[in-house]
Amino acid sequence: MKSLILIIAGALVIVSTVQATTYTLQFNYANVAATINTVSRELFVQRNGRVAQTAFMDQDLSSMNQYEEIANGFKLRNANEEEIEFVKDIDTAEFSLFTIARRVRDRSVQVTDCIRMTGSNWYGGPQQKYQYWPIQKLRFNEYSFLTKEADNCAVADRYWLNSLGSFVYVDDETPLFIDQNYGQPGYMCLEAKKSLPYDIYDQTYSFVYQIGVARDAKEAHMAAIHNILGKPSGHPAEAMVKYPIWSTWARYKRDIDQHVVLEFANEIVKNGWPNSQFELDDDWEMCYGALEFNTTKFPNIRQTINDIRAAGFPRVTIWIHPFINKGCEPIYSQAKRLGYLVADHDGNTDTEWWNSQTGQAAYVDFTKPEVAQWFTQRLQAILDVSGIDSFKFDAGETSWTPPDPLLNGPRSHQPNMIVDDYVRTVAKFGDLVEVRSAHRSQDLPIFVRMIDKDSEWNWNNGLPTLITTLLQMNMVGYPLVLPDMVGGNGYNDHPPNKEMFIRWLQANVFMPSIQFSYVPWNYDNETIQISKAMTDLHERYTPQIMERFQLAVSDGYPVNPPIWWISPNDTEAQKVYDQFLLGDNIISAPVTKENVRARDIYLPAGDWVDGNTGTAHTGPKWIRSYSVPLKTLPYFVRKNT
C-alpha cells in the first residue's frame, strides 16, 4: 500500500500525486504542526516540537481513499460519499486554530473521536455535582452534552482546555455524547450520533470540532475567548457585589407570607446588615405559572415591598421559573391553546419539575418570539404591580422539556436552543438579573448562579465544590459567577452547623457576591462577629472585584481563575483545587474540610504578602500547616498591589 504525504504551509504543496489509500497529512503553522495518519488514525498536534494534544480518530478515517484540495485545507472522501474536512482557521505566531468537520450522510452511523487526557491536566467541560478539578478524573458514559437538571449540569459549553496550551471546542450542531474514562481509560471520547435527546429526524448530521494551540493554557484560553466563546457585554450592579443578597429560600423554603418576609428583613438590619438586597423566593404566586401574587399570603404586595425597603433594603428581587402547572387557570389553558408551550412531535406538552407531579406541568416555549414577548410583558406587569426591582430566574435546562421536543428553529440546534432563548429573554431586566442555566451565552451581562449546593463537607455537591464550580464556570467563559447560598440549601432536613456556615462564608469572600439565607444569629455571637468581619472584608475588596468585572467586559479575562493562571506551566499549581484567584493579584485559600485548624497553601511565582499577618513570601512555595482557627480565612496579596 503506497502512501501520500501532503504538507500545508499557507498554500498546499503536494509532495506526491500517487493514488493511495494511506495518507500522512500535515498542517504546518507558524509554530504548530498537526499530523494525522489514516491507518493508525492518530492525530498529533505539536507546538515547537512538543505534543500539545493527541486524538485517536474514528475508523471512518481509514476508509477515506479520495483526496481533494479546498481553501486553507483538504477534504477526504470515501466511496459512500462520507467526507472529512481539515481546515486551517487561524495561523499566527501566538495562536493556531483548525477545524475538523464531517458531513455524515447516514443517520444510523455513529462517529467517535477520542482525545487523550493523560499526560496533562484538563479544565472546563460541563458543570457537575461531583465537580472534580482538574477534570480528567470525571467519568461519563454516553453522556448527552446538554444542559440538564441531572448531575447539576446547568452550564454545558462544549469546551475543554489542557495544561499544555491546547483546547477542544465542539460545534453546537453536533449531536454530542461523551465517554470519559469508560471503555478507554485516560481518554475523553466525543461521540456524534442521531439519538435522543437530540433531533433524530434529519437523514444527515454534522460532527464539527476545533482544536486551538498556543504557547500555554492561559494564552490558549484567551484565544478561545476572543475567537469562539465571547465575553460579557456588561456586568451586574456594583451594589449586588458589595452588599449581601438575603434569600428566603433555604431558611423558609415555601413557608413565606408578608409577616415572615418583613420579620426576616427587620432581623437582618437589626443584626448589622443594612443596604443589602432582599430576595423573595418560592411560593409567592397564586399558582405556579400565574405570575400573579397570592393575595392570601400577600394581600398588598406593593405595601409589603415598600415596608421591606423602609426596613433598609434598597433592592428587592423575586424568584421566577419558566413553567406553568396544570390546574393553574386560566393561564395554562390559554397558553396551551395559543401554542405557547413546548410540545413534542406529537403535540404533547406534558412535563414536570420540582414543584409539580409527573406530567403535570409545561415549559414556556421561548424559541417563539411572540411567546418570549408575551412572557416579558407578564414579567413587566409584576414589576409594575409590586415595585420590585428585578428577578432571580431559575431552571431553564433542556431536560425540563418533553422528550423529543419540537422547537422553533433549525433541527440541528435542538434542543439546546431553548436554554439560550430563555436566558436571552430574561436577561433584559437590568443589572440585578441572575440565571442558573447557560449555553453559549457568555456575552450576557448578568450573573450566572451556581446550581443549588448541599450542606455537606464532601464532594457530593458539598463545600469543596463551591470552589471547583467557580473555577469550572470561569474556565468555560462565564466570569460573572453568583455563588450559591452560604451554608448550602439544607436539603433533607440537614442545615449547616456553625463551622460549616463560617467556612462556607469565608470561601465566598473573594468570589463576586455573597448570598445568605441561613443567618449568623441563629448560632451565637461569635458567628455574628466572624460573619460581619467576612462581609466587611468582601466589601473592602469590592473595588478589585469590579475592576476584574470591567476587564472581563473589555478583554474577556476570568474574574476568579485557578491559581495556575498567573504561572501556567507550574505543574504544582495546575493540580490545586481548594484555592483560587481574584484577578491576578489575590489568592484565596479557604478551609473546605471539617474540623481542620491547619492547612497547606501553595503560592505560585511572585512576591506575596499574607493578608492576615503581613508576612512576606516568595513563590513558588508550599506553606505547610498554616494555622486556620475558625475565625481565619487565609489570603495573600501580591506585593505592591
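Predicted model: local features only at pLDDT ≥ 70, side-chain atom pairs only at ≥ 80, totals over all residues.

Biologist: What is the phi of N595 like?

Modeller: Positive, about 60 degrees, although N595 is not a glycine.

Biologist: Is N595 buried or exposed?

Modeller: N595 has 58% relative accessibility, so it counts as exposed. The cut-off for exposed is over 50%.

Biologist: Which other non-glycine has a positive phi of about 60 degrees?

Modeller: D404 does. It is found in the loop between β25 (390–393) and β26.

Biologist: And is D404 buried or exposed?

Modeller: D404 counts as buried, because its relative accessibility is 15%. Buried means under 20%.

Biologist: What about P620?

Modeller: A cis peptide bond joins G619 and P620, with omega about 10 degrees. P620 lies in a strand, β34 (residues 616–627).

Biologist: Zoom out for me. How many helices and strands are in the chain?

Modeller: Twelve helices and 35 strands.

Biologist: What are the overall dimensions?

Modeller: The C-alpha trace spans about 85 × 70 × 40 Å along its principal axes. The radius of gyration is 26 Å. A compact globule of 641 residues would come out near 26 Å, so the chain agrees with that rule.

Biologist: How much of the chain is buried?

Modeller: Of the 641 residues, 62% count as buried.

Biologist: Which residues of β15 go on which side?

Modeller: S166, V168 and V170 are on one side, and F167 and Y169 are on the other. Both faces are covered, with all of these residues buried. In a regular strand, side chains alternate between the two faces of the sheet.

Biologist: Which strands pair with β15?

Modeller: β14 (residues 159–162) is one of its partners, antiparallel, joined by three bridges. β18 (residues 205–214) also pairs with β15 in the antiparallel sense, over five bridges.

Biologist: What stands opposite F167 in those two strands?

Modeller: L161 stands opposite F167 on the β14 side. G212 stands opposite F167 in β18.

Biologist: How many residues lie between the strands in the hairpin of β14 and β15?

Modeller: Three. In that hairpin G165 takes a positive phi near 95 degrees.

Biologist: Change of topic: pockets. What is the volume of the largest pocket, and what lies nearest its centre?

Modeller: It holds about 430 Å³ of space. The lining has 22 residues, and E149, W354, R436, D452 and Y491 lie nearest the centre.

Biologist: How does that lining divide by residue type?

Modeller: Twelve charged, seven nonpolar and three polar.

Biologist: Which residues line the largest cavity?

Modeller: Among them are H221, I225, K231, N474, P479, A552, G556 and Y557. The lining divides into six nonpolar, five polar and one charged.

Biologist: Last thing: annotation. What does UniProt list for residues 247–401 and 459–545?

Modeller: An unreviewed entry lists them as "domain: Glycoside hydrolase family 31 TIM barrel". In the model, residues 247–401 are 35% helix and 15% strand. Residues 459–545 are 48% helix and 5% strand. The end C-alpha atoms lie 27 Å apart in residues 247–401, and those of residues 459–545 also lie 27 Å apart.

Biologist: What does UniProt place at residues 556–640?

Modeller: "Domain: Glycosyl hydrolase family 31 C-terminal", again from an unreviewed entry. That span is 0% helix and 41% strand. Its end C-alpha atoms are 25 Å apart.

Notes
Residues numbered from 1 in each chain as written. Heavy atoms only, no water. 1 Å grid on protein atoms, 1.4 Å probe; cavity = no way out; pocket = protein on both sides within 12 Å on 5 of 7 lines; lining within 4 Å. Nonpolar A, V, L, I, M, F, W, Y, C, P; charged D, E, K, R; others polar. Points joined across faces, edges and corners; volume = space filled by probe spheres on them. UniProt positions renumbered as here; feature names shortened; annotations may be inferred. Helix = DSSP H or I, 4+ residues; strand = E, 2+ residues; numbered from the N terminus. Buried < 20%, exposed > 50% of the residue type's maximum accessible area, 1.4 Å probe, protein only. Pairing = 2+ DSSP bridges. Rg over C-alpha atoms; globule rule 2.2 N^0.38 Å.
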